[in-house]
Amino acid sequence: MVQLNTKIGSLELKNPVMTASGTFGYGTEYADFMDISRLGAIIVKGTTLNPRQGNPYPRMAETPSGMLNAVGLQNKGVDYFVDHIYPEVRKIQTAIIVNVSGSCIDDYVQTASIINTLDDIPAIELNISCPNVKQGGMAFGVKPESAAQVVSAVRKAYDKTLIVKLSPNVTDITEIARAVEGAGADSVSLINTMLGMAIDAEKRRPILSTITGGMSGPAVKPVALRMVWQTAKAVKIPVIGLGGICSATDAVEFLLAGASAVQIGTANFIDPSISEKVVDGIEEYLERHGFSSVQEIIGALEV
Amino acid sequence: MLVADNRMVGPCATLLTLQYPGELPDMAAGQFAELQVPSAKVILRRPISIHAIDRAKSLVEFLIQIVGEGTQSLAQLKAGDKVNVLLPLGNGFSYRTTHSAHPLLIGGGVGVAPLLFLGQEFAEHGIKPTFLFGGRNESLILRKEEFTKYGDLFMTTEDGSAGEKGFVTNHSLLLDSDQFDRIYACGPTPMLKAVARWAKEHETACEVSLEHRMACGIGACLCCVEDTADQGNVCVCKEGPVFETDRLKWFN
């Protein structure tokens with residue numbers, strides 16, 4: 001038996017496999033396809049202080065080995081989450097992490113303080129990297145000063161594990177990672193989607209209603225892997241790796257690059273039971289290579 | 001599921017028949033499936049409506065219009081190939097609860113696909129549906145003989161090569177607006193909007209099946225939304241794909 005458990009701040013996870021925000025709904029959508037309690041954690045859909053309708057349709061374009069989305073944080077707001085969704089998701093036997101987004105610092109702080117009162121939500125993931133909203137979102141995450149500002153404000157209002165989700169749409173992601181570490185983040189997760197675009201040549205129009213959108217899927221994996229590797233060397237807090245992970249081998253690559261845990265995103269759309277298969281596959285990899293714990297391969301890349 | 005048969009049934013449409021292992025789950029006309037595409041470049045599944053089923057033989061048919069790389073790869077599947085399929089997904093037409101006695105089934109292009117299953121279901125309950133299909137020309141109105149097994153088929157074509165020349169909403173069948181108690185439609189959005197407008201003007205109940213771009217197919221990614229009067233943006237995959245047209249914000 002190999003040990004799969006890992007730690008993110010004070011948060012103990014039974015294994016390093018999480019599902020990425022916005023790709024797994026509230027978890028229950030996937031219960032027909034897999035045992036969702038086998039996951040290390042579920043990061044639920046981005047939640048904001050007030051309800052958001054999101055962007056108009058079309059919000060999605062498929063690209064070679066990837067996709068663009070421009071959902072724009074559609075959700076019913078944090079109060080709805082507390083009253084209607086939390087009572088359901090708290091029953092799931094795994095860590096439920098809420099992804100928190102906002103248009104201004106005060107939005108983030110208020111939403112985080114409300115989530116802080118929920119006993120069965122052990123962590124939040126602060127989304128300072130959404131490319132699909134006009135205000136807030138990525139605007140906070142592309143400069144070290146503004147990233148640190150929002151993180152330190154939330155830190156004062158939130159006393160459980162605080163993960164900060166970083167944008168790849170920057171010149172040097174390690175600079176942002178160090179800034180949020182300094183501001184009190186317990187962990188960073190990366191990468192959010194890469195800003196991209198798709199055009200319908202026949203119609204001479206953009207495919208997405210927002211013109212640009214966030215790119216994800218296997219096509220972004222090499223970029224994500226490089227950024228995780230760089231960031232893991234630059235900060236002391238645990239790094240959570242994501243970006244195009246479609247198999248246990250992909251997940252192991254991120255762990256070797258220095259990630260303490262991984263998130264599965266777009267692959268959930270391809271195979272709704274993939275995240276459970278990745279848990280099994282990591283265990284199989286560790287056994288095959290004679291490791292007794294997943295901790296032995298975190299950052300174990302030989303260069 | 002295993003491919004039982006796959007053959008071209010029009011200039012750019014294939015009829016894919018899959019063998020379900022064991023007894024078919026309960027499926028309603030208007031529900032759809034997410035088919036994994038056998039191509040390395042295409043990662044997302046393709047949402048395809050259920051065209052017909054054979055409960056005795058556990059077969060499910062899909063009428064697929066070839067429009068891009070994904071559907072092209074599906075068209076190349078051969079008998080005996082394996083396809084990973086999620087089904088049945090979404091909510092079908094309301095016939096099980098609304099009990100229409102004089103249904104009009106309107107289809108445009110490959111939008112006729114779910115209407116064969118619907119026709120089959122009506123026929124099994126002793127109701128003879130009327131079909132009204134539109135296309136650019138005669139060859140693009142697919143599977144005419146199959147539909148006429150269940151009811152009368154009327155057609156419009158843009159070039160006049162079959163039926164009446166023009167669009168479905170111009171067909172003389174609609175001059176007597178009282179002969180149908182409910183319209184079930186599937187096809188291109190401009191056609192659905194014209195049908196919905198006709199239904200509204202003639203106070204006829206109308207439901208349409210929408211074909212939005214989807215990723216997950218199970219209501220998780222929120223990509224395939226349609227704006228509704230009662231709930232704002234909802235997922236076509238989970239809340240639909242069939243909607244009563246008076247829920248949609250098409251005319252305000």
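Modeller: A crossing of two helices counts as right-handed if the near helix is turned clockwise from the far one by less than a right angle. The model discussed here is predicted.

Colleague: Which handedness does the crossing of H4(A) and H5(A) have?

Modeller: The crossing of H4(A) and H5(A) is right-handed.

Colleague: Why are H4(A) and H5(A) called roughly parallel to each other?

Modeller: Helix H4 (residues 144-157) and helix H5 (residues 173-182) of chain A pack at an angle of about 30°, and their axes are 8 Å apart. Angles under 35 degrees count as roughly parallel. H4(A) and H5(A) are therefore roughly parallel to each other.

Colleague: Which residues make the contact of H4(A) and H5(A)?

Modeller: H4(A) brings Pro144(A), Ala147(A), Ala148(A) and Val151(A), while H5(A) brings Glu175(A), Ile176(A), Ala179(A), Val180(A) and Gly182(A). Seven residues of this contact of H4(A) with H5(A) are nonpolar, one is polar and one is charged.

Colleague: What makes H2(A) and H4(A) roughly parallel to each other?

Modeller: Helix H2 (residues 105-116) of chain A packs with H4(A) at an angle of about 30°, with 9 Å between their axes. The cut-off for roughly parallel is again an angle under 35 degrees, and H2(A) and H4(A) are therefore roughly parallel to each other. The crossing of H2(A) and H4(A) is right-handed.

Colleague: Which residues of H2(A) and H4(A) meet?

Modeller: Among them are Tyr108(A), Val109(A) and Ala112(A) in H2(A), and Val150(A), Ala153(A) and Val154(A) in H4(A). The contact of H2(A) with H4(A) has eight nonpolar residues, three polar and no charged.

Colleague: Turning to chain B, why is one side of S4 and of S7 left without a neighbour in the sheet?

Modeller: The strand order is S4-S3-S7 in an open sheet of three strands of chain B, with antiparallel pairing. Strands S4 (46-49) and S7 (85-89) of chain B are at the edges with a single partner strand each, so one side of each has no neighbour in the sheet. On average, neighbouring strands of this sheet are turned by 25° against each other, direction ignored.

Colleague: How do you know that S3(B) and S7(B) pair?

Modeller: Strand S3 (residues 32-35) of chain B and S7(B) share three bridges in the antiparallel sense. At least two bridges are needed for two strands to pair, so S3(B) and S7(B) meet the cut-off. Leu35(B) stands opposite Val85(B) in S7(B).

Colleague: Into which domains is chain B divided?

Modeller: Chain B has domain 1 (2-89) and domain 2 (95-211). Their centres, taken over C-alpha atoms, are 23 Å apart.

Key: Residues are numbered from 1 along each chain as its sequence is written. Chains are lettered from A and ligands numbered from 1 in the order in which they are written. This is a predicted model: local features need pLDDT of at least 70, side-chain atom pairs count only at pLDDT 80 or more; totals for chains, interfaces and linings use all residues. Helices (H or I, at least four residues) and strands (E, at least two) are DSSP runs, numbered from the N terminus. Axes are lines fitted to C-alpha atoms, for helices over the stretch in contact, and angles run from 0 to 180 degrees between N-to-C directions. Angles under 35 degrees count as roughly parallel, over 145 as roughly antiparallel, 65 to 115 as roughly perpendicular and the rest as oblique. Two residues are in contact if their C-beta atoms, placed from the backbone, lie within 7 Å. Ala, Val, Leu, Ile, Met, Phe, Trp, Tyr, Cys and Pro count as nonpolar, Asp, Glu, Lys and Arg as charged, and the others, Gly among them, as polar. Domain bounds come from an automatic or database domain assignment.
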